[in-house]
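Visitor: Hi, I have a structure to get through today. Can we walk through it together?
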Amino acid sequence: MIRSFAVVVFLLTSVGLSAQVFEPEFDKVASKYEKGSYESALESAESLIDNDKHKKKPEPYLWAAMCFYQIHLSDDEKLKERFKSALRDALKYAGKAVSKDKEGPLVANNEEFFQLMKEEGIKEAQEFEADNNYRKASYTYKQILAFAPNDAFVQFAKAITDIRLNSYAEAERELKEAFPKIETNYRDLEYEPDPVSSPLLKPAVIYYIDHLTENQYLDSARKVLMSARVFFPLDESIKEKLQQLD
């Protein structure tokens, strides 16, 4: 069974983008999508992307992302065989849609879809991590950051996978950006962590602490542990790690 997806309604009703939405090309994609003809809708979206008139607009890329995601959900084995990387392509086109969305309304009006893409991408990355395929995990986190560039949890998780890959320069850059954001947010009593990406923090921070300790960066490990105590004040394992360093 293919799950229906309500995000398409935005492209039919958004006041801010109505001049674009009601062009016949977009109506054609919308009609096919609503009928569940996702492969045909994808072909129409890709035709728009190849058209000089539309290739700089975000909508065709969003349609492509949604179509690829529905193909990923499909139980049609022949369809899935033709599109073996449907989820990866959905993530890719979600990122392209955001890069084309210069004014920002597309993301704001489709927040549910982009959160879903983040959730699915994180699941995919964690499966790669479970198989010790850190290269693919890192790439998947990178795909997520293309449409969720301000998610410090995802960026921190990517930094940890890059440490596992010995890509230390890339990891250091990401850590310098992500970790201070996380620290600042958690010191704000009104802060509500993203329920989709915040579960990445604990295993990532524990790995980072162990990595620093094992490599004798004890002062750095202690500083990260002090922050971790703010993130997880009731966690006994973090408390114990800190006591071991004192």
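Guide: We will go through the cores, then one serine, then the aromatic rings. Keep in mind that this is a predicted model.

Visitor: OK. Which residues touch the most other members in the largest nonpolar core?
Guide: Trp63, Met117 and Phe147 do. That core has 45 residues.

Visitor: And which helices each supply at least two residues of this core?
Guide: Helices H3, H4, H5, H7, H9, H10 and H11 each do. H5 gives the most, with ten residues.

Visitor: What lies apart from it?
Guide: Another core, of 28 residues. Ile182, Leu201, Leu225 and Phe231 are among them.

Visitor: New topic. Where is Ser227 placed?
Guide: Ser227 is in helix H14, which covers residues 218-231.

Visitor: Is Ser227 buried or exposed?
Guide: Buried. The relative accessible area of Ser227 is 3%, and buried means under 20%.

Visitor: What is Ser227 in contact with, leaving aside neighbours within four places in sequence?
Guide: Ser227 then has contacts with Phe179, Glu183 and Arg187.

Visitor: Now rings. How many aromatic pairs does the count come to?
Guide: The count is 14 aromatic pairs.

Visitor: Where do Phe68 and Tyr93 lie?
Guide: Phe68 is in helix H5 and Tyr93 is in helix H7, so the pair ties together parts 25 residues apart in sequence. Both Phe68 and Tyr93 are buried.

Visitor: What about Phe156 and Phe179?
Guide: The centres of those rings are 5.5 Å apart and the planes are at 45°, so this pair is tilted. Phe156 lies in helix H11 and Phe179 in helix H12, so they tie together parts 23 residues apart in sequence. Both Phe156 and Phe179 are buried.

Visitor: Which residues form one aromatic cluster?
Guide: Phe153, Phe156, Phe179, Tyr186, Tyr191, Tyr208, Phe231 and Phe232 form one. Phe231 came up in the core of 28 residues.

Visitor: Last one. Where does the charged end of Arg164 sit?
Guide: Over the ring of Tyr207. The charged end of Arg164 is 3.9 Å from the centre of that ring.

Methods:
Residues numbered from 1 in each chain as written. Predicted model: local features only at pLDDT ≥ 70, side-chain atom pairs only at ≥ 80, totals over all residues. Heavy atoms only, no water. Core = buried A, V, L, I, M, F, W, Y, C linked by side-chain atoms within 4.5 Å. Buried < 20%, exposed > 50% of the residue type's maximum accessible area, 1.4 Å probe, protein only. Helix = DSSP H or I, 4+ residues; strand = E, 2+ residues; numbered from the N terminus. Contact = heavy atoms within 4.5 Å. Phe/Tyr/Trp six-rings, centres within 6.5 Å; stacked < 30°, edge-to-face > 60°. Lys NZ or Arg CZ within 6 Å of the ring centre and 35° of its normal.
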